[in-house]
Amino acid sequence: MKVRAAVDSPSTVVLEVADSGLGIGDDDRAKIFEPFFTTKPDGKGTGLGLPIGRGIVEQHRGEITVGRSAELGGAAFRVILPAV
């Protein structure tokens, strides 16, 4: 796993979290921030973690995206927040 934080511009801070797991398929990536969407078996997840996280980021006037980690091969989440 790799975590990186950086000042992207005078007004933007970026936090990136990446892993070396299997990644997230295109079909799942399109739904990953929808409430109650989960790839876990019944009873093992509610599918609320990422939607709640996205809500918190957006309340702070930020943005969260998910993609593939070029360096590690797994999933990569990127949070962009205003610096002020």
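In which sense do β1 and β2 pair, and over how many bridges? I shall open with that hairpin and then move to the salt bridges. The structure is a predicted model, in which local features need pLDDT of at least 70 and side-chain atom pairs count only at pLDDT 80 or more, while totals for chains, interfaces and linings use all residues. Residues are numbered from 1 along each chain as its sequence is written, and side-chain values use heavy atoms, with hydrogens and water left out.

To the question, then: β1 and β2 pair in the antiparallel sense, over 7 bridges. Two strands are said to pair if DSSP finds at least two bridges between them. The two strands form a hairpin with 2 residues between them.

The protein chain has 2 helices and 4 strands, and from the N terminus on the order of elements is β-β-α-α-β-β. Helices (H or I, at least four residues) and strands (E, at least two) are DSSP runs, numbered from the N terminus. Along the principal axes, the C-alpha atoms fill a box of roughly 45 × 30 × 20 Å. The accessible surface comes to about 5900 Å², and 56% of this belongs to carbon and sulfur atoms; accessible areas come from the Shrake-Rupley method with a 1.4 Å probe, and for residues only the protein chains shown count as cover.

Of the 84 residues in the protein chain, 23% are buried. Buried means under 20% relative accessible area, exposed over 50%, and partly exposed in between, with a 1.4 Å probe and protein chains only. How many of the 8 residues of β1 are buried? The number is 0, so β1 lies largely in the open. Threonine 12, found in strand β2, is by contrast buried, with a relative accessible area of 17%. Its side chain makes a polar contact with the side chain of serine 9 at 3.2 Å. A polar contact is a pair of N or O atoms within 3.5 Å; within protein, one must be able to donate a hydrogen and the other to accept it, and residues adjacent in sequence count only if both atoms are side-chain atoms. Leaving aside residues up to four places away in sequence, threonine 12 touches Ala6, Val7, Ile80, Leu81 and Ala83, where contact means heavy atoms within 4.5 Å.

Strand β3 (residues 63-68) and strand β4 (residues 75-82) run antiparallel and are joined by 6 bridges. Isoleucine 64 stands opposite valine 79 in β4. There are 6 residues between the strands of this hairpin, and glycine 73 takes a positive phi near 90° there.

I turn now to charged residues. Side chains of opposite charge can pair when their charged atoms come close. A search of the whole structure finds 5 salt bridges, each being a side-chain nitrogen of Lys or Arg within 4 Å of a carboxyl oxygen of Asp or Glu. One of them joins lysine 2 to glutamate 71, with the closest N and O atoms 2.8 Å apart. Lysine 2 lies in strand β1 and glutamate 71 in the loop between β3 and β4, so the pair ties together parts that are 69 residues apart in sequence. Lysine 2 is partly exposed at 37% relative accessible area, whereas glutamate 71 is exposed at 58%.

Another salt bridge links arginine 78 and glutamate 16, whose closest N and O atoms are 2.9 Å apart. Why does this pair tie together parts that are 62 residues apart in sequence? Because arginine 78 lies in strand β4 and glutamate 16 in strand β2. Arginine 78 is partly exposed, with a relative accessible area of 30%, and glutamate 16 is partly exposed too, at 21%. Glutamate 16 also comes within 6.4 Å of valine 79, C-alpha to C-alpha, across 63 residues of sequence.

A further salt bridge lies inside a helix. Aspartate 26 and arginine 29 have their closest N and O atoms 3.0 Å apart, and both lie in helix α1 (residues 26-29), 3 residues apart, about one turn of the helix. Aspartate 26 counts as exposed at 58% relative accessibility, and arginine 29 as partly exposed at 25%. Finally, salt bridges that share partners join Arg4, Glu16 and Arg78 into one network.
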